[in-house]
2 protein chains.
Amino acid sequence: MNITEIIGICAGILTTISFLPQVILIFKTKHTKDLSLGMFVMFTAGITLWLVYGISIGSFSIIAANGVTFFLSLYILIMKIIHG
Amino acid sequence: MNITEIIGICAGILTTISFLPQVILIFKTKHTKDLSLGMFVMFTAGITLWLVYGISIGSFSIIAANGVTFFLSLYILIMKIIHG
């Protein structure tokens, strides 16, 4: 594996797991006031389309990365809808 | 262009511009308390690596999408550091 692909994998891991600290913060505080509803509606919709795209072209990497992000993003969206 | 590529492009546009409503909300309210610092540190670092990856493989799509997201994410990160 060359350095470029290692950078790509690190990029994918970072952008995927970055949502985890936000999920943990919301789980602890139940506070979502400063989060934008529009952001998480659009982001979750976009990730859903990435999943469809990944399944469509049969890319395990795209399915795995976006599968994880989908659940984290959906949790944040649901909490935002519940807590406002 | 087939339906799969159209889905991929819509996915890219949605996940890229989704950060814009969060930027606008912060610009208006200056409130970032409920945002996770860890999320935006990791996300901005990840997007930076995506940019490096895009430049490295010469992919205009990756550079364009992550270039936009980089500035939006960096703005949110700086505001989070300033406003706490």
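A polar contact is a pair of N or O atoms within 3.5 Å; within protein, one must be able to donate a hydrogen and the other to accept it, and residues adjacent in sequence count only if both atoms are side-chain atoms. The model is predicted: local features need pLDDT of at least 70, side-chain atom pairs count only at pLDDT 80 or more, and totals for chains, interfaces and linings use all residues. Residues are numbered from 1 along each chain as its sequence is written, and side-chain values use heavy atoms, without hydrogens and water.

**View 1. The interface of chain A and chain B.** Between the chains, 13 residue pairs are in polar contact (both at pLDDT 80 or more). H3(A) gives the most to the side of chain A that touches chain B, with 14 residues. Helices are DSSP runs (H or I, at least four residues), numbered from the N terminus.

**View 2. Ser18(B) in its loop.** Ser18(B) sits between H1 and H2 of chain B. It counts as buried, at 0% relative accessibility; buried means under 20% relative accessible area (1.4 Å probe, protein chains only). Leaving aside neighbours within four places in sequence, Ser18(B) is in contact (heavy atoms within 4.5 Å) with Met39(A), Met42(A) and Phe43(A).

**View 3. The buried face of H1(B).** Buried residues here include Thr4(B), Ile7(B) and Ala11(B). Seen down the axis, the buried residues of H1(B) fall within an arc of 160° (directions from the helix axis to the C-beta atoms), so they line one face of the helix. Their cover includes H3 of chain A and H2 and H4 of chain B.

How values were computed
Chains lettered and ligands numbered in written order. Buried < 20%, exposed > 50% of the residue type's maximum accessible area, 1.4 Å probe, protein only. Helix = DSSP H or I, 4+ residues; strand = E, 2+ residues; numbered from the N terminus.
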